[in-house]
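Reader: Thanks for sitting down with me over this one. Could you walk me through the fold, piece by piece?

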Amino acid sequence: MEALVCKKLGDPTAENSEEKAIVIEKSYPIPELETPTSVRVRVKATSLNYANYLQILGKYQEKPPLPFIPGSDYSGVVDAVGSAVTKFRPGDRVCSFAPLGSFAQFIVADQSLLFGVPEGCDLVAAGALPVAFGTSHVALLHRANLSSGQVLLVLGAAGGVGLAAVQIGKVVGAVVIAVARGAEKVEYLKSLGVDHVVDSSSQSIIQSVKDFLKTRKLKGVDVLYDPVGGKLTKEAMKVLNWGAHILVIGFASGEVPVIPANIALVKNWTVHGLYWGSYRIHRPAVLEDSVNELLSWVARGLITIRISHTYRLPEANLAFSAIKDRKVIGKVMIVLDDPSSVRSKL
Ligand SMILES: NC(=O)c1ccc[n+]([C@@H]2O[C@H](COP(=O)([O-])OP(=O)(O)OC[C@H]3O[C@@H](n4cnc5c(N)ncnc54)[C@H](OP(=O)(O)O)[C@@H]3O)[C@@H](O)[C@H]2O)c1
């Protein structure tokens, strides 16, 4: 099968073949079913997350031994099942996420880790859902208990997890304030019906959010969703309410923010560190219910998964460039060739 392999740590966007961290292998062994409950999936689409980029750079918290096939969430069609598989049959549409290995034509997972993709949910879009929407759903609803009428402030709001948080906020009836950089991202967020958008390239979060809250006769922000860190977190803390929840999701700015404990005490803030992938080990039922609810929301049209850029596997360096250069509104996808159609072209 075709697979993208990380042979050494480095920048996956580098053009020079001498420096390439990722290479395409054309005849990588197709993974075997490992146990009687294993399912092999022919991957249709796999999404790029910022974490995949950090992992190839060697800057992510989980550092697999080299060489490895990167990739986390994916969708596809069941290709083969083990003798004890009861939940799926060949031909079923599924999605899931793995610690590694989805940047390839086939992947094997236990049946307990796969989700059926319902009718009405596009298969490519389903491959973008687990990590981005799953993270935001668990953070906002399970951890911060976001509810109707509360004010939600989302940083990095046009990115993968940010855009998911914005949409989930609207579904639950929150007043949503989004922060993103540049006119194109701002226009897109406004088109979603976001209550207020701050353009971080030209506006101060503090002033813009305060002015908006005043027009709505609201006191402050109840939930801060923060996948960015650095200067934006510092500014956002100035507009938080008494009793606010801070969701620490990531550090796309490259800067880990300081949240002063003395201010948290005085203002009765709750700071949540959230590592979504670890829910699979510690609270698997929460994660499973969350992804199933999200898939049903997509099928009912409550949320839409915006695909910003689509590439083929050999173009993965361009996909990583789109993330690195902050060009993405929503998700970047790699859509894989069907091996049977590749064979018929040979
Ligand atoms: N905790 C978890 O379980 C979990 C799960 C998923 C993701 N994450 C983390 O969340 C963060 C965002 O992930 P994502 O997949 O949504 O990434 P993404 O799609 O690339 O979005 C990141 C956003 O951050 C903003 N940003 C601000 N400064 C940036 C910089 N210096 N470089 C790049 N982007 C910058 C960009 O918005 P503007 O250009 O509009 O400013 C961009 O839209 C990452 O740190 C990731 O590791 C954590």
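Reader: Let me start with a local detail: in the loop between which two elements is R326 placed?

Author: Happy to, and please keep in mind that this is a predicted model. R326 has a positive phi near 60°, although R326 is a residue other than glycine. With 15 C-beta neighbours inside 10 Å, R326 counts as partly exposed. Its loop is the one between α11 (316-324) and β15 (331-335).

Reader: And K217, is that residue buried or exposed?

Author: K217 sits in the loop between α6 (205-215) and β11. Its phi is positive too, about 55°, and K217 is not a glycine. A residue with 12 or fewer C-beta neighbours is called exposed. K217 has 6 of them inside 10 Å, so it counts as exposed.

Reader: Let's zoom out. How does the radius of gyration of the protein chain compare with what the globule rule gives for 346 residues?

Author: The protein chain holds 12 helices and 15 strands. Its radius of gyration is 20 Å, and the globule rule gives a value close to that, so the chain is as compact as a globular protein of that length. Along the principal axes, the C-alpha atoms fill a box of roughly 65 × 45 × 35 Å. The value from the rule, to end on the number you wanted, is 20 Å.

Reader: What share of the contacts between residues at least 6 apart in sequence joins residues at least 24 apart?

Author: Burial first: 45% of the 346 residues are buried. For the contacts, take those between residues at least 6 apart in sequence; the share that joins residues at least 24 apart is 67%.

Reader: Which strands are the edges of the open sheet of six strands?

Author: The sheet runs in the order β10-β9-β8-β11-β12-β13, with parallel pairing. An edge strand pairs on one side only, and that leaves β10 and β13 (270-273).

Reader: What angle does the direction of α4 make with that of β8?

Author: Neighbouring strands of this sheet are turned by 15° against each other on average, direction ignored. Helix α4 packs on the sheet and touches β8, β9 and β11. Its direction and that of β8 make an angle of about 170°.

Reader: Staying with β8, which residue of β11 stands opposite V154?

Author: Strands β8 (residues 151-154) and β11 (residues 221-226) run parallel and are joined by three bridges.

Reader: How wide is the arc that the buried residues of α5 cover around the axis?

Author: In α5 (residues 183-191), the buried residues are K185, V186, Y188 and L189. An α-helix has 3.6 residues a turn, so residues three or four places apart point the same way. The face turned away from the buried side carries the exposed residues A183, E184 and S191.

Reader: Where is the omega of the peptide bond from L66 to P67?

Author: P67 is placed in the loop between α1 and β4 (73-81). The bond from L66 to P67 is cis, with omega near -10°.

Reader: Last one: how far apart in space are Q111 and G230?

Author: Q111 lies in the loop between β6 (106-110) and β7 (115-116), and is partly exposed, with 19 other C-beta atoms within 10 Å. Beyond four places away in sequence, Q111 touches T37, V39, V85, K87 and F88. From Q111 to G230 it is 119 residues in sequence and, C-alpha to C-alpha, 40 Å.

Technical notes: Residues numbered from 1 in each chain as written. Predicted model: local features only at pLDDT ≥ 70, side-chain atom pairs only at ≥ 80, totals over all residues. Helix = DSSP H or I, 4+ residues; strand = E, 2+ residues; numbered from the N terminus. Rg over C-alpha atoms; globule rule 2.2 N^0.38 Å. Buried ≥ 20, exposed ≤ 12 C-beta atoms within 10 Å, placed from the backbone. Contact = placed C-beta atoms within 7 Å. Pairing = 2+ DSSP bridges. Axes fitted to C-alpha atoms, helices over the stretch in contact; angles between N-to-C directions.
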